[in-house]
Amino acid sequence: MDILQLIANGIPAGVMYSLVALCIVLIHNGTNVVHFGYGDQITFAAYLVVIAQTFMGAPLWVAILCSIVFSALFGLFIYLAILAPIRRTPLLVQVIATLAIGTALREGMRAFMGPDPWPFPNLVAPKVFNLDGIFVTSANIAAVVIAVVITVALFVFFKVSKYGQAIIAACENARGASIVGISVTKVFAGIWIVASVIAAISAILMAPVVTLSPDMGLIGIKGFCAAILGGFTSLPGAIVGGILLGLIETAAGFYISTAAKDVVAYGVLIAVVIFRPQGLFGKAQLKKV
């Protein structure tokens, strides 16, 4: 296989990981909590589209809109009802809470929707394009374009808008932000809403490409790996880490075997944690003892 074809195959997977990593890093920077249930939130949003379309007879665009709105409200609920009340507890308690949220979502979907895969509608007509010997699908092109638009919109939002700058300020120094009049509670709630909306959009992009089942949420682990690879405090690092992880997985699947893709990905994670724990774009932090 030509190296350009490997890149064309790896980038779509990479941008999926990048979106997941971006939101995991965003939530972590704002609340200092790693949301291990984020992948299951993505799966839940995909099932919401299926439920609205299959059981309620809604058109696809209405089902997608319902999924985005409900996901935003669900993210707000997670923060206000679960994480905000325990924000002063030890960090381990908050991490366990996110694991419990993810497990409850996954097993709830398994109980009510069954363990078998569900078909998910394509956003675009399935086509394969031959670009000078490089084959790409319409679904992958749509995924990359939408992911790039979301990423650019997020960075413009953080750089230009006052609310985006308030989020950055609260992430860097919550106490200092509150002193100058920024409502940290509202900012953190906004972070969860934004991350949950992106979860719904990610679900709509991923579900037609991968199998929609309760275990689809395992992609959250890949997002976590991408965040570690790029640097867990760096939003640009999350993007680069996701794309690199997608390329590494694709190369491993071709040159070794498809069964080795996950092994190689997690091997890279272990290597990064050992040799460069701050990631590619993160900064090493020194603490006085």
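**Exercise 1. Find which helix gives the largest share of the lining of the largest pocket, and describe that pocket.**

Step 1. Start with the share. H1 supplies 6 residues, the largest share of the lining of the largest pocket. Helices (H or I, at least four residues) and strands (E, at least two) are DSSP runs, numbered from the N terminus.

Step 2. Know the model. This is a predicted model, where local features need pLDDT of at least 70, side-chain atom pairs count only at pLDDT 80 or more, and totals for chains, interfaces and linings use all residues. Residues are numbered from 1 along each chain as its sequence is written, and side-chain values use heavy atoms, with hydrogens and water left out.

Step 3. On a 1 Å grid over the protein atoms alone, a pocket is an open set of points with protein on both sides within 12 Å along at least five of seven lines. A cavity is a set of points where a 1.4 Å probe fits but cannot get out. Lining residues have an atom within 4 Å of a point. Grid points are joined across faces, edges and corners, and a volume is the space filled by probe spheres set on the points.

Step 4. The largest pocket holds about 580 Å³. It is lined by 26 residues, and those closest to its centre are Ala13, Tyr17, Val210, Glu249 and Lys261.

Step 5. At least two lining residues come from each of H1 (3–31), H9 (219–230), H10 (235–255) and H11 (261–275).

Step 6. Sort by class. Ala, Val, Leu, Ile, Met, Phe, Trp, Tyr, Cys and Pro count as nonpolar, Asp, Glu, Lys and Arg as charged, and the others, Gly among them, as polar. The lining of the largest pocket then has 14 nonpolar, 7 polar and 5 charged residues.

**Exercise 2. Describe the second largest pocket.**

Step 1. Its space is about 430 Å³. Of its 17 lining residues, Thr31, Arg87, Arg88, Val184 and Phe188 are the closest to the centre.

Step 2. H1, H3 (60–83), H4 (91–113), H7 (174–179) and H8 (184–206) each give at least two lining residues. H8 has the largest share, with 3 residues.

Step 3. The classes are 8 nonpolar, 6 polar and 3 charged.

**Exercise 3. Is Histidine 28 buried or exposed?**

Step 1. Histidine 28 lies in helix H1.

Step 2. Apply the cut-offs. Buried means under 20% relative accessible area, exposed over 50%, partly exposed in between (1.4 Å probe, protein chains only). Histidine 28 has 17%, so it is buried.

Step 3. List its contacts (heavy atoms within 4.5 Å). Leaving out residues up to four places away in sequence, Histidine 28 touches Val33, Val34 and Phe232.

**Exercise 4. How many cavities of 30 Å³ or more does a search of the whole structure find?**

Step 1. The search finds 2.

Step 2. Take the largest cavity. It holds about 80 Å³. Its lining includes Asn122, Leu123, Pro208 and Val209. H5 (138–160) and H8 each give two or more residues to this lining. H5 has the largest share, 3 residues. By class, the lining has 9 nonpolar, 1 polar and no charged residues.

Step 3. Take the second largest cavity. Its volume is about 30 Å³. Gln41, Phe44, Ala45, Ser71, Phe74, Ser196 and Ala199 form the lining. H2 (38–55) gives the most, with 3 residues. The lining divides into 4 nonpolar, 3 polar and no charged residues.
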